[in-house]
Amino acid sequence: MLRTSPDHLDAFCEYTERVGTITMRAFSIYGIEVAGFNMPRISVIPFSPSERHHLLLCELDDAMFVVDCGWPIEPRDDAQAAGPKTGAAQTVAAPSARDALSSINWARVDFVLISNYEQMTLLPYITEYTEFAGPVFATEPTKAYGRCVLEEGLCVASVVSPVGEACSSGGSSSNSNGSSGSSGGAEQWQPGVLPYTQQDVAAAMEKVTDVRYNEVATPAPFVQVYPRSAGYCIGSANWTVECKGHRTAFIGASSLAGCLHPQEWDGSVVADAQVIVFCDAVDPAGPDETDAGSAAPGAQVSQRIGQLCSTALAALKQRSRVLLVGEPYGVTQDILQLVAENALSLNLPLPQFVVVSPVAERTLQYGNIMGEWLCAAKQALLYQPEYPFADKDLRQRGHLHFARSLAELATRTIPQGTWFVVVSPRDVATISHFVRRWQLDAKQCSGADMAAGSGMARFAVLIHDDDVARAQRLVGQIAASEVTYVPVPRRLTVHAIRQCLASAVRAQHVLLPSPVYARLAAGPAAAAGLDFGLLEHAYMQATVVDLDTDRHLPLGIKREMTQQLRRSGKQRAVVSGVLSLAAGKIRLVPADDGDDDAAGPDAAPAPAQRGPALGPALGLRGWTPDRLASELCDAGLDAAVASDAAGPLVRVAVPGGTAAIRMHGGWAVDCSSATAQWAVLDALRQVLRRPQQQQQPQPQPQPQRPGVST
């Protein structure tokens, strides 16, 4: 640590190319040596065994928080059941959600950040069944869509024997499109599939604080968080956690493709961060990794969506039925939009769009309501008579129908014609019902009907899920030759991560998932040399990063001082001035603080002057431990006089740490944490800078002589 004398302030500074920015490595304030604080660091521990679902326990200095609450609820295959992917061989099976959450001390967690509605699986359990009592932050669409996703997951995961299973094996049928006329028996529920209920979901959503993009929230002392658009889905966000001048960015599920309906990717989240943590990325071993491609990020997404729409239109031209397997939000909305628009432009008979989902009616309406969260092209439609999405127009035409389940669909009267059915990929029972029913209709269709094109023998099944493992498992369960699987890749690939890191001008450390780290560390980026360190984070392993080798503090300085360093061409220099510390912000000005704003940029800089004699001016020698403890108590701190082998001292207790102020043989402040350092120094600034007449005792008035008036 650099020691400074009480009569002036000297700080060893490092000057960067940005005018007006100096990083101070050590300092002394008012002649009081500041020492004993811990260097800031961040710790990241992934608790989710899945690469698509995230639950990161992070500790930044004195703040502990959780990023995302995702957890896989689909059945895993044999490779996944053996253990999660961490870049090395795993022999320990992944624990259950309850076991993973029980290993976290939720009473110490200060807040939770949610990046998108796919990462909220365990949020109701955390808010309702643990000791967590802090705030939960998410964007408004994430909160709205997240409730729908959780409710749909409970409905689908808890049904053991759907109604459609009993109906599809024969029996009566109300029409040729596959909806059964029998209501079947009562649904059987399997308790314990998810560790919460519908009531817990509603209670958890009430505890979520919705924020807008770039809106700053302060969940803990000296901690600020704010989201920026991720481009993955409506309301998806990449969070920046700023603690005492250090910015850490958490990059969740993101997309650089600008052809989808969500608001475009905001790259400033990477450019402004010193530490970047990539939570989500495509496994380089997967089929969606296109590292060598030089096309625009949205070219492949547009091509895949166009291929799905072409297949659907070709089937509709032949009066065939179409089953689209996809959630009733996200990419499915873009596909429905294109199919409806192209069917009208080609003068094709508009099909009957049937969406089987307990939440589809709400999720499709959200797209037209939340216009400010859409891309620029969709936002422009808000000022025109057309709606951003086609579902409103289709419903007015009578060609859009919703059903919460197969049982409800059987009671609905839907006009005859070609059906375009949308079912969630998690509802395997409903998908199997339609496929088996349509296959049975194909066998019963006569040859004359097929030759005339009047039969319903043909159908097509389209799957666009970018979760390759789940899609392949679904294709194997359907076992139909009519299935067309065209994954729409939206998540970041290794090539996309390299593009993002090209703008990381302030990054010092980058944390990557193990498979991506192995690919990126051995790729062209490593050969070209990186200006930051690459680290990997793996399942149930703590990755600790020291934010700086020294204590770096952002410093606001006067223009003349930066020009002096810049013109001299020095990268390091010793500057002198007056240091002010207030509310976590530091400012260094020359001793003769003049109005340099009036001088032009070419004005000759004034030489740096030594500061005034701060020690004698503040009267540090006149202070006693009892007086200092009393003044600090008046300032709102818990201060008391104590003593040790070195002599008397003042102990101060603040939230997050303690401090010991020694006054014998020169003032010194020893802090147990950075939080205590900032709080105690701020209070000392207020106490020591009070006017001298308020600190010194007033002289007694002279008695007046009798008979003399004043």
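1. Basis. Local features need pLDDT of at least 70 in this predicted model, side-chain atom pairs count only at pLDDT 80 or more, and totals for chains, interfaces and linings use all residues. Residues are numbered from 1 along each chain as its sequence is written, and side-chain values use heavy atoms, with hydrogens and water left out.

2. Strands here are DSSP E runs of at least two residues, and helices are H or I runs of at least four, numbered from the N terminus. Two strands pair if DSSP finds at least two bridges between them.

3. The S5-S24 pairing. Strand S5 (residues 41-46) runs antiparallel to S24, over four bridges. Arg 41 has Asp 546 of S24 as its bridge partner.

4. Another seven-stranded sheet. This open sheet reads S11-S12-S13-S14-S15-S22-S23, again with mixed pairing. Its edge strands are S11 (217-220) and S23 (533-537). The twist averages 25 degrees from one strand to the next. S22 (residues 509-513) and S23 pair in the parallel sense over five bridges. Leu 512 is bridged to Glu 536 in S23.

5. Helix H18. H18 (residues 514-521) lies across S22 and S23, at about 120 degrees to S22. Axes are lines fitted to C-alpha atoms, for helices over the stretch in contact; angles run from 0 to 180 degrees between N-to-C directions.

6. Ser 255. This residue sits in the loop between strand S14 (246-251) and helix H7 (268-271). Ser 255 is buried, at 1% relative accessible area (buried is under 20%, exposed over 50%, partly exposed in between; 1.4 Å probe, protein chains only). Ser 255 touches Ala 230, Gly 231, Tyr 232, Trp 265 and Arg 490, not counting residues up to four places away in sequence. Contact means heavy atoms within 4.5 Å.

7. Helix H16. In H16 (residues 468-478), Val 468, Arg 470, Ala 471, Leu 474 and Ile 478 are buried. They fall within an arc of 160 degrees seen down the axis, so they line one face of the helix; the arc is that of the directions from the helix axis to the C-beta atoms. Gln 472 and Gly 476 are exposed on the other side. The buried residues pack against strand S16 (321-325), helix H14 (428-444), strand S20 (459-463) and strand S21 (483-485). Just after H16, Ala 479 takes a positive phi of about 55 degrees.
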